[in-house]
Amino acid sequence: MTKSVESTAPAPEKMTGERIDRDLLRPLTETSRRYWAAFAVCALVLGWALFAWGWQLHHGIGVSGKRRPEFWSLYITNFVFWIGISHAGTLISAILRVVGAEWRRPVTRCAEAITVFALLVGSMFPIIHMGRAWLFYWLIPYPNERIMWPNYRSPLMWDFFAILAYLTGSLIYLYLPLIPDLALVRDKARGFRRRLYSFLSLGWRGSETQWHRLEKIVSVMAIVIIPVAVSVHTIVSWDFAMTINPMWSSTIFGPYFVVGAIFSGIAALILAMVVLRGVLGLQAYLQEKQFNNLALLLLLMSLLWFYFTFAEYLTVWYANEPAEMAVWASKVTGPYAPGFWAMVFCCFIIPFPILAIKKLRRRTSLLALASALICVGMWLERFLIVVPTLGHPRLTFNWRGYSTSWVEVSITAGTFAYFTLLYLVFVKLFPIVAVWEVKEGLRHEGKLEASAQAPLMNR
Amino acid sequence: MSDRVRMIFSQPEQLHRAVRELLEAGIDRNRIDVVSNEPILLNGEPVAGSSRSRIGIFSLAGAGIGALAGWSLVYFTSHAYPIATGGMPLVPAFTTGIIMYETAAVGAILFALGRFLREARLPGRFYVPDDETDSMGGAALLCVEGEDPDRVREILSDAGGRLINGGENGESGREDVPATAL
């Protein structure tokens, strides 16, 4: 039987700082068997993926199944998918901060961590896709052996700058609000942990000047990061749209990709929150209002995604241009039709009623199901953008069906394991819910009780 | 004999009142130090006052410098080794604008970060608590140094503060607090 969010959230009217500290810092000290089991499974899958990558490095990129004309397949699908997932965190967190949404507080760090790890995973794919990964530095603008600089007119070069900017911003945006919590852990820790957190917290005292400056820079960063986040997926879409290939050369690809990215990002965030809430016992912090508001955002993005997809497919069908129609037909009625209809069901037909009907979206299990389906659907969408077009170039003699290889599939699976592993390590080392932000929010609501004991403070 | 007085306040309102009364009593603003586990700001500003932040201005300056750096990178390198562009300009405004946009963002972020670290005096000395302490929410420490301790103690006590260094020399008398070891 499914449980509603409300029924499993025993949040008291008032909370003490002690309890908040205890609840949110517990995962740093207590490790369940489930955690180690998940860690072991992820490590095994990642190990297998590393073996597959080693195989590819040894035997050449051909073993990944890449042949003419489908030079981009799962690797670039994964690249686009993970960059999309990265929109879960920093962008959403920044928007919620800018608009002053108080319910964001327990959600932000969980989301920002997704961004950083998804970017790390996603940005690996151009390097894996290169084949000769040891020449990765050719992607960087520097005067190489041929004294030639990269072509700045290429969208692939824009990708480099955009992802670099987003990764830099996201890392800093994750780290800055973490500093006070690192100081909190430092004050409670002993031995090696105390030295580690002393180093990481940069000597944070919690003086009011420091707090004021922290609030200031977080506000500035939130404003800067929003246009950067939007630009990242727009530029990823231009990798395709700047070509004249059928069903790629589209003026709406930029916003279509951004909408898809935020859509899949929110779904990934909800999924992560459901898991964290259950495993770490965060029912008092990740409550109905967080899930409900994110579900409503997801509903909005689901409608927007459907609108863009409909517009994209309608205009191609109406124009009836032969080269475009070949790709269109391969997706809608041809060999890729199962994937296409699965995408429509996963991204819209199944999630829409779950998200639209209040009774259904309040069930965490149904919400998690809708989110998981959306993630699957969005991966399929990326695949259907990349592969069918490449398989149907304008010259028909070059048409070919797609087949994959165990190397490509293993590396794809490995990246999901890698992402989960990074998240597991993060949860073990850092509070996944921002302690000080939660306290601040509860104080604003008048729900933070004064502690009876003398607090800290030896600074 | 130390003239340092440290008191705990469990409610921000008490702290705000204490600071206001200290200032009204003519205590130098620079001698008041407020430390807390969560931001206890009054209308978004530090209760004991603080110099103006220039993080925003530095961020804007960083954006300008970043954009200029992006343009310089594209312009000078493209001219250093011109390649065939099929009739397109060597440094097209559209595409160079995209690079400048991203480098402007990086510049804004890095300059804001640099200024934040400077204004917040970070990284500071790698602070390690020297005794068993436990931090809890909902409290702030107010420390006044270099003023008449009896007078300061009276003002702070009236405002609801609790002394944590009750000894005359200000070094002992701290209440025992159970530590939660991690």
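Helices, of at least four residues, and strands, of at least two, are DSSP runs numbered from the N terminus. With that numbering, B:Pro123 falls in the loop between α3 (93-119) and β5 (140-144) of chain B.

This is a predicted model. Its scores are ipTM 0.89 and pTM 0.88. Chain B has a mean pLDDT of 77, and 74% of its residues reach 70 or more.

The peptide bond between B:Leu122 and B:Pro123 is cis, with omega about -5°. B:Arg121 also sits in the loop between α3 and β5 of chain B. B:Arg121 is not a glycine, yet its phi is positive, about 55°. A residue needs 20 or more to be buried, and 12 or fewer to be exposed.

A:Met247 has a phi of about 65° and is not a glycine either. Its place is the loop between α10 (208-241) and α11 of chain A. A:Met247 is buried, because 23 other C-beta atoms lie within 10 Å.

Now turn to the nonpolar cores. The largest has 161 residues. Those with the most contacts inside it include A:Cys110, A:Ile114, A:Met221 and A:Ile266 from chain A, and B:Ala112 from chain B. Which helix gives this core its largest share? Helix α11 of chain A, residues 253-280, supplies 19 residues. A:Ile266 shows what such contacts look like. Leaving out residues up to four places away in sequence, A:Ile266 touches A:Ala88, A:Ile92, A:Leu294, A:Leu297, A:Leu298 and A:Met301. Another core lies apart from the largest one. This core has 21 residues, among them B:Met7, B:Ile27, B:Ile40 and B:Leu156.

The domain assignment of chain B comes next. Domain 1 is made of two segments, 5-40 and 140-163, while domain 2 spans 55-119. How far apart are the C-alpha centres of domain 1 and domain 2 of chain B? They lie 47 Å apart.

Finally, some stretches of chain B call for care. Over residues 129-138 of chain B, pLDDT stays under 50. The model has 46 contacts beyond four places in sequence for that stretch. Over residues 166-181 of chain B, pLDDT also stays under 50, and the model has 29 such contacts there. Where pLDDT is low, the predicted coordinates should not be read in detail.

Key: Residues numbered from 1 in each chain as written. Chains lettered and ligands numbered in written order. Predicted model: local features only at pLDDT ≥ 70, side-chain atom pairs only at ≥ 80, totals over all residues. Domains from an automatic or database assignment. Core = buried A, V, L, I, M, F, W, Y, C linked by C-beta atoms within 7 Å. Contact = placed C-beta atoms within 7 Å. pLDDT = per-residue confidence, 0-100.
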